[in-house]
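Work through the exercises below with the coordinates open. Try each task before reading its solution.

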Amino acid sequence: MKVLLLMTFLFETALAYPQDDDGPIWGGSNSDNDDGSINSRVDNPHSGFGNCECVPYYVCKDDNIITDGSGVLDPRKKPVPSKEPDLFAHLSPEGRRGCGNFHVCCIAPTTSTVKPYTRQCGFRKVNGINKRILSPNGKNLSEFGEWPWQGAVLKVEGKVNIFQCGAVLIDSFHLLTVAHCVYRFTLENAFPLKVRLGEWDTQNTNEFLKHEDYEVEKISIHSKYNHERKNLWDDIAILKLKVEVSFGPHIDTICLPKYQEKFEGVQCVVTGWGKNAYKNGSYTNVLRKAHVPVISNDKCQQLLRKTRLSKWFILYENFICAGGESNADSCKGDGGGPLACWRKDGTYGLAGLVSWGIGCGSPNVPGVYVRVTNYLDWITEVTGRPISEYWPRS
């Protein structure tokens, strides 16, 4: 992505539009990890104290979780050379069982000042979560947990997860994505799909909070989407999950726009794990972001008519355009991902879903997105939830 993001393209003629081949292979679900899970409950009959919490070894002392930071803080002084200590010396071998490598079974305090997470749509973690531990190496990389509504659609082939496209979480059971990404999975004998939430670096499992995988129960394609015609009109789909999402600091929803809400002239952000170039590009491991301005459909149509689409091209009214700046765009693999726009109430609203474009990142060639505002009634009809549930709490 240079600054490019993932936009799944499939056209071979007029539109630069997703290829038929699948994306890269991603790691297994969180159930596949064998290194233990932070703050997961374990019943360890060998420990001598029954139920306990699996925590990093360095926050456990004398079989109890450290609550005041003792021995964990970084004093701002020159370290004194010493022999590397045996970090597990204070804990019996039995007490380490059931948690995997680098985690131990430790008694939690009876009271805690940690408040349960309260879901609220559209709030970006500008500096990420625990930035001191995880910090990306490039200016176009997202911080861990910065965009908590970002999802990834994965095709499941046995124990292998193959990346398909992006998606965006809108409530505890549903995500939006583009129809051209998931249409073939509605056909007979299609491989099952799952959605990954809370992901950041697809090739590592050492994030501060672990990702969550959810099986897709149902795919709802918009009734006006015509797969055969390939013009990508009404390119929107809803994924319903089999179980309810467990929200947390790195997993939350985006707000849907209000009726008649306008985004033209607003600087928005598109995110994804797509390719960094249309030709010979490679998928990114760490979630990337690109800042792109939303432009009017009239201007977008004028610019697109100067491409191979020709001077007769008419832009469908249910599209919205953003970008047109060199090397700032979505690209292959970003399809279904969110075009998120900041609003004066401090929340981010979902202006669009990455749909198509002409190449990636060329100057004066904007990317084209599904205009979510025009599908609000359809979304509430499919999900069965009132539109007020998708707006910020007053």
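**Exercise 1.** Does N189 count as buried or exposed, and at what relative accessibility?

*Solution.* Keep in mind that this is a predicted model. Step one: take the relative accessibility of N189, which is 73%. Step two: apply the cut-off, where exposed means over 50%. N189 therefore counts as exposed. Step three: locate the residue. N189 sits in the loop between α1 (179-182) and β10 (193-197). Step four: check the backbone. N189 is not a glycine, yet its phi is positive, about 65°. Most residues other than glycine have a negative phi.

**Exercise 2.** Where is Q260 found, and is it buried or exposed?

*Solution.* Start with the position: Q260 lies in the loop between β12 (237-241) and β13. Next, the surface: its relative accessible area is 63%, so Q260 is exposed. Last, the torsion: phi of Q260 is near 65°, a positive value in a residue other than glycine.

**Exercise 3.** Which residues are bridge partners of L239 in β12?

*Solution.* Take the two strand pairings in turn. Strand β9 (residues 174-177) pairs with β12 in the antiparallel sense, over four bridges. Here L175 is the partner of L239. Strand β11 (residues 212-221) is joined to β12 by five bridges, again antiparallel. In this pairing I219 stands opposite L239. Four of the five residues of β12 are buried, so the strand is largely enclosed by the rest of the structure.

**Exercise 4.** In what order do the six strands of the closed barrel run, and what does helix α2 touch?

*Solution.* Trace the barrel: β13-β14-β15-β18-β17-β16, with antiparallel pairing. Neighbouring strands are turned by 45° against each other on average, direction ignored. Zoom in on one pair. Strand β17 (residues 348-356) and strand β18 (residues 366-371) run antiparallel and share four bridges. Then place the helix. Helix α2 (residues 297-304) packs on the sheet and touches β14 (288-295), β15 (319-323), β17 and β18. The direction of α2 makes about 135° with that of β18.

**Exercise 5.** Is T271 buried or exposed, and which side chain makes a polar contact with that of T271?

*Solution.* Second, compare its relative accessible area of 2% with the cut-off for buried, under 20%. T271 is therefore buried. Third, look for the partner: a polar contact of 2.6 Å joins the side chains of T271 and Q150. Finally, check G337. T271 and G337 are 66 residues apart in sequence, but their C-alpha atoms are 6.4 Å apart in space.

Terms used: Residues numbered from 1 in each chain as written. Predicted model: local features only at pLDDT ≥ 70, side-chain atom pairs only at ≥ 80, totals over all residues. Heavy atoms only, no water. Pairing = 2+ DSSP bridges. Axes fitted to C-alpha atoms, helices over the stretch in contact; angles between N-to-C directions. Contact = heavy atoms within 4.5 Å. Buried < 20%, exposed > 50% of the residue type's maximum accessible area, 1.4 Å probe, protein only. Polar contact = N/O pair within 3.5 Å; in protein donor to acceptor, adjacent residues only side chain to side chain.
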